[in-house]
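User: I am new to this structure and would like to learn how to read it. Could you take me through it feature by feature?

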Amino acid sequence: MQYRRLGRSGLQVSELSLGSWVTYHNQVDSKSAAEMLAAARDAGVNFFDNAEVYAQGASERVMGEAFRQLKWARESYVVSTKFFWGLQREGSTVNLQNTLNRKYLMQAIDGSLKRLQLDFIDLVYCHRPDPHTPVEETVRAMSDMITQGKALYWGTSEWSAADIRAAWEIAERHHLHKPVMEQPQYHLFHRKRVEQEYARLYEDLGLGLTTWSPLASGLLTGKYRQGIPEGSRGSLESMSWLREQLQHPQRNAAVAELEAIAAELGGSVAQLAIAWVNRNPRVSTVILGASRMSQLQDNLAALALTPRLSPEVLERIDALTLPLAQ
């Protein structure tokens with residue numbers, strides 16, 4: 001495992017990390033989470049990703065309980081969470097959902113700290129942009145979280161390059177804590193934002209990336225080529241919105257051909273897909289997901305394929321996937 005600086009910050013994160021979206025609470029309890037967190041750490045992983053909205057707060061509780069069981073020294077790992085959607089509540093949700101206003105953010109960080117059983121959270125993200133709240137209000141609230149010692153760094157997730165630059169410039173102008181990182185979707189079929197839209201931000205702002213969905217929610221494992229397998233992510237009712245994408249005929253045909261390339265390199269198509277994201281020097285860390293130990297171990301083995309991605313191999317991969325990429 002190698003470690004990379006998070007953008008221009010001094011913080012180093014493992015090139016592969018472990019996230020909790022979909023899996024924690026829905027498929028993974030605190031005991032299983034502790035086992036997989038321990039296995040990931042044994043492999044060198046030091047960054048673990050979460051979000052307030054995942055399983056409506058239950059994902060944070062599962063991870064927090066796992067940390068409590070593991071009794072790791074707090075300085076030895078990095079943990080994140082994300083804010084925007086809020087939690088389902090009884091009664092009015094005005095100011096509490098789909099927002100980045102100050103009231104919501106300053107209460108959301110306290111809720112996450114309690115569920116994760118932590119004194120501070122290393123990385124906090126604005127999970128989506130909020131066109132209805134002034135960017136300056138959001139920037140000041142996120143900066144205040146850091147000043148208060150509740151978070152160490154803040155960033156964005158799925159923001160446009162223009163919005164990220166606007167937030168950075170407001171922070172620069174007012175001497176506030178600047179956004180350090182962005183968490184975008186990035187995989188073989190979803191490239192343009194990372195490779196084109198954000199291109200100027202890496203040098204101009206020192207932006208770091210903690211990318212999600214390297215396997216395109218499972219499409220790049222090859223398991224959806226014959227439909228939706230029982231027990232898979234695509235079979236979950238909460239993920240029904242993904243099914244059309246997972247059964248995309250042209251992309252599944254490309255995956256079948258990628259399997260042959262992966263076999264030549266001594267790995268699986270999933271490992272190839274993870275290695276492809278990992279080989280991008282702009283990516284600080286690739287966030288993995290796993291519902292069981294064998295899946296986690298298989299994904300971590302992608303590290304062996306990264307140095308085997310020669311220019312010739314990358315050309316073959318691009319010929320299959322670039323015409324189908326967004």
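User: Which backbone nitrogen does the side chain of asparagine 101 reach?

Analyst: A polar contact is a pair of N or O atoms within 3.5 Å; within protein, one must be able to donate a hydrogen and the other to accept it, and residues adjacent in sequence count only if both atoms are side-chain atoms. Here the side chain of asparagine 101 reaches the backbone nitrogen of tyrosine 104 at 2.7 Å. This is a predicted model, in which local features need pLDDT of at least 70 and side-chain atom pairs count only at pLDDT 80 or more, while totals for chains, interfaces and linings use all residues. Residues are numbered from 1 along each chain as its sequence is written, and side-chain values use heavy atoms, with hydrogens and water left out.

User: Where is asparagine 101 placed, and what is it in contact with?

Analyst: Helices (H or I, at least four residues) and strands (E, at least two) are DSSP runs, numbered from the N terminus. Asparagine 101 sits in the loop between strand E5 (78-83) and helix H3 (102-116). Contact means heavy atoms within 4.5 Å. Leaving aside neighbours within four places in sequence, asparagine 101 is in contact with Asn95, Asp130, Thr133 and Glu137.

User: Is asparagine 101 buried or exposed?

Analyst: Buried means under 20% relative accessible area, exposed over 50%, and partly exposed in between (1.4 Å probe, protein chains only). Asparagine 101 counts as buried because its relative accessible area is 11%.

User: How do I read the strands, and in what order do they close into a barrel?

Analyst: Strands of a sheet pair through backbone hydrogen bonds, either parallel or antiparallel. Two strands count as paired if DSSP finds at least two bridges between them. In this model, eight strands close into a barrel in the order E3-E4-E5-E6-E7-E8-E9-E10, with parallel pairing. From one strand to the next, the twist averages 30°.

User: How many bridges join the paired strands?

Analyst: E5 and E6 pair over four bridges, and threonine 81 stands opposite valine 124 in E6. Strand E7 (residues 151-156) pairs with E8 over three bridges; there, glycine 155 stands opposite methionine 181 in E8. Two bridges join strand E8 (residues 179-182) to E9, where glycine 208 is the bridge partner of methionine 181. Three bridges join E9 to strand E10 (residues 283-288), and in E10 the bridge partner of threonine 211 is valine 286.

User: Which residues of E9 are buried on each side?

Analyst: Both faces of strand E9 (residues 208-211) are covered, with Gly208 and Thr210 buried on one side and Leu209 and Thr211 buried on the other. E6 is mostly covered as well, and six of its six residues are buried.

User: Which strands do the helices lie across?

Analyst: Axes are lines fitted to C-alpha atoms, for helices over the stretch in contact, and angles run from 0 to 180 degrees between N-to-C directions. H4 lies across E5, E6 and E7, running at about 155° to E7. Helix H10 (residues 269-278) lies across strand E3 (16-19), E9 and E10, at about 155° to E10.

User: At what angle do H1 and H2 cross?

Analyst: The axes of helix H1 (residues 30-42) and helix H2 (residues 58-70) come within 8 Å and cross at roughly 65°. Among the residues making the contact are Ala34 and Leu37 of H1 and Val62 and Phe67 of H2.
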